[in-house]
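User: I would like to learn how to read aromatic contacts and nonpolar cores in a model. Can you walk me through a case?

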Amino acid sequence: MMTLAHSKRLFERGSKSLVGSVNSPVRSFNAVQTPMLFAQKANGAHVWDTDGNKYIDYIMSWGVGILGHAYKPVVDAAITAMKNGSSFGLATEREIELAEKIKQHMKSIDKVRFVSSGTEATMTAVRLARAFTGKAKIIKFDGCYHGHFDSLLVKSGSGNLTLGIPSGEGILPGYSRDTVSIPFNNVTLFKQAVEKNKNEIACVIVEPVLCNAGVILPDKEFLKILAQITKQEKIILIFDEVITGFRLSLGGAQGLFNIRPDLTCLGKIIGGGFPLAAVGGRKDIMDLLAPVGPVYQAGTLSGNPVAVAAGLKTLECLEDNKTIYKDLKKKTAELVCSIQSEVNTLGIAVTVNSIGSVFSIFFTDRSVESYKDTINTDKARYAQFFRGLCQEGILFPPSAFEACFVSASHDEAAIEKTAKAIKKTFRTMRSAR
Ligand SMILES: *Cc1c(COP(=O)(O)O)cnc(C)c1O
């Protein structure tokens, strides 16, 4: 039996000086009724806690780690950059290089603005859309998470969903009044919302693949219809690709589904493990940003040279490895297949959703296609499953509503070990009932 004595002590100590002993609520283990882990170090596909327990990691910094933890070329690039000064408050050549690289892979993007977090990226995108259209309202989709910006916290996914606080106290009614949230994948309700709020909608913001209420795939026509109607109604279409950008393909979800949004939000992978995110898109919209235009947005650490160096190296590694997306998809599919066959054999109520290198396991006998489907899954069973996996040295997200991420460092042995651990856990859970 593994011990978590040190993690427990740290939690006690941390709770006295940090709120809930965390700096982001998704790191709390409240939803899985188990002591919170404190990370000691990580390498490749593995993370170690402060008690010395080693896990195959599927949190991967919530999707940041596509190459694996402490990936040497990225570490070296960051160290070299840091030695030359870690922040100037002046422009650097590498920021241009990184922007050029993003443009090269995402044809919808003419110009980029780097920021430090995904939240800033979505906030800036919405501000730009409002300035460009002169309209106020936002349409978003239930269960999508777009950071913790006031207007976008309505029926939000991720930690909000995990903790059961999907709207948020402390947000002025004015902020949520102009936000219309509707079910993901529901074309009829989308059309109705556009009709009902005709000439009032600035933008539609969506995770093209919903990854913050578990993984929920878009229906074949859903994204196309969003693109069609927003174009027709002169509404700005924002793809929040903070997770899917450089995760599903070099061109993100928009490349995969062949859709050109007006604005795109990026984050997570593009910072190579450092705080870096971006908003990019059509030149006529982006040029509204100061200093060219009147929409103000700024950041002391925006485009930080260490983050940019790590991000640039990450994207270079993704470009250089010509089979990386194929390999990631193959490994993930192998794992998912093996889970699926076990589910069929045991006849247990589990649904697995996946695309590329993201997947999630839902404890339900139904298919999961919306926020409503997600919240109706069995959270207690997930918690039990999570704890069982931990005992086997496998770390899944401590929430039934978060995605699992496979990295290039998850080798065949890791995938096999994970599949075995999952089978064992399913069997233990079944016999314990
Ligand atoms: C993580 C995430 C964000 C917020 O990014 P932060 O860097 O945590 O502020 C926004 N949108 C999506 C889709 C995300 O997954």
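**Rings and cores**

Analyst: Start with a charge and a ring. The charged end of Lys-41 lies over the Trp-48 ring, 4.5 Å from the ring centre. Keep in mind that this model is predicted.

User: How do I read a pair of aromatic rings, and how many aromatic pairs are there?

Analyst: A ring pair is described by the distance between the centres and the angle between the planes. Here the count is 14 aromatic pairs. Take Phe-29 and Phe-386: the centres are 5.6 Å apart and the planes stand at 75°, so this pair is edge-to-face.

User: Which parts does the pair of Phe-29 and Phe-386 tie together?

Analyst: Phe-29 sits in the loop between helix H1 (5-17) and strand E1 (39-43), and Phe-386 in helix H15 (residues 379-391), so the pair ties together parts 357 residues apart in sequence. Phe-29 and Phe-386 are both buried.

User: What is the geometry of Phe-359 and Phe-396?

Analyst: Edge-to-face, with 5.8 Å centre to centre and 70° between the planes. Phe-359 belongs to strand E12 (residues 358-362) and Phe-396 to the loop between strand E13 (394-395) and strand E14 (404-405), so parts 37 residues apart in sequence are tied together. Phe-359 and Phe-396 are buried. Ring pairs also link them into a cluster with Tyr-58, Phe-363, Tyr-382, Phe-385 and Phe-426.

User: Which residues touch the most other members of the largest nonpolar core?

Analyst: Tyr-58, Phe-246, Ile-361, Phe-385, Phe-396 and Phe-426, in a core of 71 residues. Domain 1 (5-70 + 322-432) and domain 2 (72-320) each supply at least three residues to this core. Another core, of 29 residues, lies apart from it and includes Val-187, Phe-190, Ala-213 and Leu-223.

Note on methods: Residues are numbered from 1 along each chain as its sequence is written. This is a predicted model: local features need pLDDT of at least 70, side-chain atom pairs count only at pLDDT 80 or more; totals for chains, interfaces and linings use all residues. Side-chain values use heavy atoms; hydrogens and water are left out. Rings of Phe, Tyr and Trp (its six-membered ring) pair if their centres lie within 6.5 Å; planes under 30 degrees apart count as stacked, over 60 as edge-to-face and the rest as tilted. Helices (H or I, at least four residues) and strands (E, at least two) are DSSP runs, numbered from the N terminus. Buried means under 20% relative accessible area, exposed over 50%, partly exposed in between (1.4 Å probe, protein chains only). A charge sits over a ring if NZ of Lys or CZ of Arg is within 6 Å of the ring centre and within 35 degrees of the ring normal. A nonpolar core is a set of buried Ala, Val, Leu, Ile, Met, Phe, Trp, Tyr and Cys residues joined through side-chain atoms within 4.5 Å. Domain bounds come from an automatic or database domain assignment.
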